[in-house]
Amino acid sequence: MIDALIQGTLLGGYYAVLAAGLSLMFGVMRIINLAHGDLAMAGAFGVLWLVGLGWSPWLAVLVTVPAMGVVGWLLQRWVLARTLRSGVLLPLLVTMGLGALIQNGLYGVFGSEARSLADALGELSWASWTLPGDIVVGQLPVLTLALGVAVLAGLQLLLNRTRLGRSIRAASSDPEAAALCGVDAAGVHRAAAAISVGLAALAGAMLATRATIEPYGGPLLLIMAFEAVVIGGIGSLWGTLLGGVLLGLAQSFGALVSPQGFQLGGHLLFLTVLGGRLWSQYRHGLGLSVWPVPRTRATARPATTPVVEVQP
């Protein structure tokens with residue numbers, strides 16, 4: 001039980017990084033990027049390609065993440081910006097097609113073989129610490145959680161303490177009012193897309209260090225990111241971290257029941273939270289409390305006889 005609690009928490013750090021980019025793009029541009037998981041896979045394969053050329057894994061990550069950020073900037077500039085004027089459906093269709101394009105492109109270049117960065121990391125890929133009670137904790141998952149918290153903290157500082165962050169928050173709250181105040185909405189959207197895709201690439205590289213990746217694994221990553229965002233709440237980075245941790249815990253405890261329970265536990269938690277929020281919105285729309293409260297009969301009060309003043 002304690003081991004599942006620890007492993008689920010460590011897994012939640014990875015889910016938080018994966019979901020942060022999806023949450024940021026939706027919060028700023030109101031776009032659900034269906035290619036988010038495939039962009040994460042593209043970043044992971046980019047790191048693997050550089051490692052295959054003899055690069056250090058850490059240097060490959062430092063180069064790939066900014067490069068994927070440039071890809072996100074260009075993607076917003078030439079593709080997504082044109083779809084924003086056409087409603088909600090067109091961005092979904094365009095990002096779905098982009099995801100299919102990335103999947104088949106990765107398959108054409110790298111093939112269908114599953115790959116991993118474990119060999120390039122050496123001893124770190126299997127190194128661990130033994131805690132009291134013979135609980136074994138891998139060093140790499142701990143580093144992943146620490147990196148996830150650091151990334152979210154840095155992103156929170158960016159949004160709160162920099163001019164770009166204030167512009168992003170203003171554009172996400174009220175684009176028209178932000179434009180009247182001199183905020184370049186198009187530039188803000190490009191910056192948000194660059195950060196989002198860069199975070200996706202970092203999450204893909206983190207996945208390649210602890211598991212195997214393959215060209216058609218993007219949709220599963222998208223589902224995990226979407227569930228973490230919904231569980232934690234859209235628009236909150238620390239809520240995204242909480243959602244990722246809760247999703248990881250649900251999967252870890254589900255795996256205690258059966259091997260298939262790993263994915264099932266996370267899906268059940270997602271459906272429970274989603275159903276609860278829909279019910280809450282429905283009750284608030286009717287002007288009622290979230291939970292039906294039985295009404296008690298009011299205690300009858302004795303009628304008071306009005307005092308009539310008699311004029312002499």
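Tutor: Start with one cut-off: a residue is buried under 20% relative accessible area, exposed over 50%, and partly exposed in between. Keep in mind that this model is predicted.

Student: Then how does arginine 30 count, and what is its relative accessible area?

Tutor: Arginine 30 has a relative accessible area of 49%, so it counts as partly exposed. This residue sits in the loop between α1 and α2 (36-52).

Student: What should I look for in the backbone there?

Tutor: Look at phi. Most residues other than glycine have a negative phi. Arginine 30 is not a glycine, yet its phi is positive, about 60 degrees.

Student: Where is there a glycine with a positive phi?

Tutor: In the turn of the hairpin formed by β1 and β2. Glycine 133 has a phi of about 90 degrees there, and three residues lie between the two strands.

Student: How do strands β1 and β2 run, and how many bridges join them?

Tutor: They run antiparallel, with four bridges between β1 (residues 128-131) and β2 (residues 135-138).

Student: Now helices. Which residues of α7 are buried?

Tutor: In α7 (residues 163-173), they are Gly165, Ser167, Ile168, Ala171 and Ser172. These residues span an arc of only 160 degrees around the axis, which means that they lie on the same side of α7. The face turned away from that buried side carries the exposed residues Arg163 and Ser173.

Student: What do the buried residues of α7 pack against?

Tutor: Four helices: α1 (2-29), α6 (139-161), α8 (175-180) and α9 (185-210).

Student: How do I read a pair of aromatic rings?

Tutor: A search of the whole structure gives four aromatic pairs. In one, tyrosine 14 and tyrosine 15 have ring centres 5.6 Å apart and planes at 45 degrees, so this pair is tilted. Both tyrosine 14 and tyrosine 15 are buried. Phenylalanine 226 and phenylalanine 270 make an edge-to-face pair, 6.0 Å centre to centre with 65 degrees between the planes.

Student: Which helices hold phenylalanine 226 and phenylalanine 270?

Tutor: Phenylalanine 226 is in α10 (residues 218-232) and phenylalanine 270 is in α12 (residues 261-285). They are 44 residues apart, so the pair links distant parts of the chain. Phenylalanine 226 is partly exposed at 34% relative accessibility, whereas phenylalanine 270 is buried at 11%.

Student: Back to tyrosine 14. What does it contact beyond its neighbours within four places in sequence?

Tutor: Thr144, Ala203, Met206, Leu207, Arg210 and Leu221. The largest nonpolar core has 72 residues, and Tyr14, Leu18 and Ile213 touch the most other members.

Student: Is glutamine 103 buried or exposed?

Tutor: Buried, with a relative accessible area of 14%. Glutamine 103 lies in α4 (residues 89-110). Beyond its neighbours within four places in sequence, glutamine 103 contacts Asp38, Pro215, Tyr216 and Pro219.

Student: Which residues does UniProt list as "transmembrane region"?

Tutor: The unreviewed entry lists 12-35, 55-75, 87-110, 135-159 and 220-241. Check such records against the model. Residues 55-75 are 90% helix and 0% strand, with end C-alpha atoms 27 Å apart. Residues 87-110 are 92% helix and 0% strand, and their end C-alpha atoms are 36 Å apart.

Conventions:
Residues numbered from 1 in each chain as written. Predicted model: local features only at pLDDT ≥ 70, side-chain atom pairs only at ≥ 80, totals over all residues. Heavy atoms only, no water. Buried < 20%, exposed > 50% of the residue type's maximum accessible area, 1.4 Å probe, protein only. Arc of directions from axis to C-beta. Contact = heavy atoms within 4.5 Å. UniProt positions renumbered as here; feature names shortened; annotations may be inferred. Core = buried A, V, L, I, M, F, W, Y, C linked by side-chain atoms within 4.5 Å. Pairing = 2+ DSSP bridges. Phe/Tyr/Trp six-rings, centres within 6.5 Å; stacked < 30°, edge-to-face > 60°.
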